[in-house]
Amino acid sequence: DWSVIHTNLGYLKNRATWGVGLEQLVLAPRIYAILETFGERGDMPTQHAGIRFWVIPNRFQIDSTVGRQSGEPAQRFFSVGLRFLF
């Protein structure tokens, strides 16, 4: 599992949605770089990148990203996430 690609298509309030993401193993067996872009039809896409760390392998992750939401004006954001797998 050196690289994992995620894709999705959807529909929300009469608009098509999409997303593409990549997780790439880096540095150590539990640390991944993550890249993602997503959006809705008719809007500019949002991109973000960051690091994901498996605190407990296959059970608990922490990630942090910085991103940019396109538009006028463009907005930058920072996120921190927790993921529990059962």
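Colleague: Which residue does Arg 52 form a salt bridge with, and how far apart are the closest N and O atoms?

Modeller: Arg 52 forms a salt bridge with Glu 23, and the closest N and O atoms are 3.1 Å apart. A salt bridge here is a side-chain nitrogen of Lys or Arg within 4 Å of a carboxyl oxygen of Asp or Glu. Arg 52 lies in strand 4 (residues 46–56) and Glu 23 in strand 2, so the pair ties together parts that are 29 residues apart in sequence. Strands are DSSP runs of E, at least two residues long, numbered from the N terminus.

Colleague: What kind of model is this?

Modeller: This is a predicted model, in which local features need pLDDT of at least 70 and side-chain atom pairs count only at pLDDT 80 or more, while totals for chains, interfaces and linings use all residues. Residues are numbered from 1 along each chain as its sequence is written, and side-chain values use heavy atoms, with hydrogens and water left out.

Colleague: Are Arg 52 and Glu 23 buried or exposed?

Modeller: Both are buried, that is, under 20% relative accessible area with a 1.4 Å probe and protein chains only; exposed means over 50%, and partly exposed lies in between. For Arg 52 the relative accessible area is 13%.

Colleague: Which Asp side chain meets Arg 52 in a salt bridge?

Modeller: That is Asp 63, at 3.1 Å from N to O. The two belong to distant parts of the chain, with Asp 63 in strand 5 (residues 60–69) and Arg 52 in strand 4, eleven residues apart. Asp 63 counts as buried at 14% relative accessibility.

Colleague: What is the partner of Arg 15?

Modeller: Arg 15 forms a salt bridge with Glu 40, the closest N and O atoms being 3.2 Å apart. This pair joins strand 2 (residues 15–25) to strand 3 (residues 31–40) across 25 residues. Arg 15 is partly exposed at 28% relative accessibility, and Glu 40 is partly exposed at 24%.

Colleague: How many salt bridges are there by this rule?

Modeller: The count is four.

Colleague: Turning to the sheet, what is the strand order?

Modeller: The open sheet of six strands runs 1-2-3-4-5-6 with antiparallel pairing; two strands pair if DSSP finds at least two bridges between them. Strand 1 (3–12) and strand 6 (75–84) stand at the edges with a single partner strand each, so one side of each has no neighbour in the sheet. The twist averages 15° from one strand to the next, with axes fitted as lines to C-alpha atoms and angles running from 0 to 180 degrees between N-to-C directions.

Colleague: How many bridges pair strand 2 and strand 3?

Modeller: They pair in the antiparallel sense over nine bridges. Thr 17 has Glu 40 in strand 3 as its bridge partner.

Technical notes: Helices (H or I, at least four residues) and strands (E, at least two) are DSSP runs, numbered from the N terminus.
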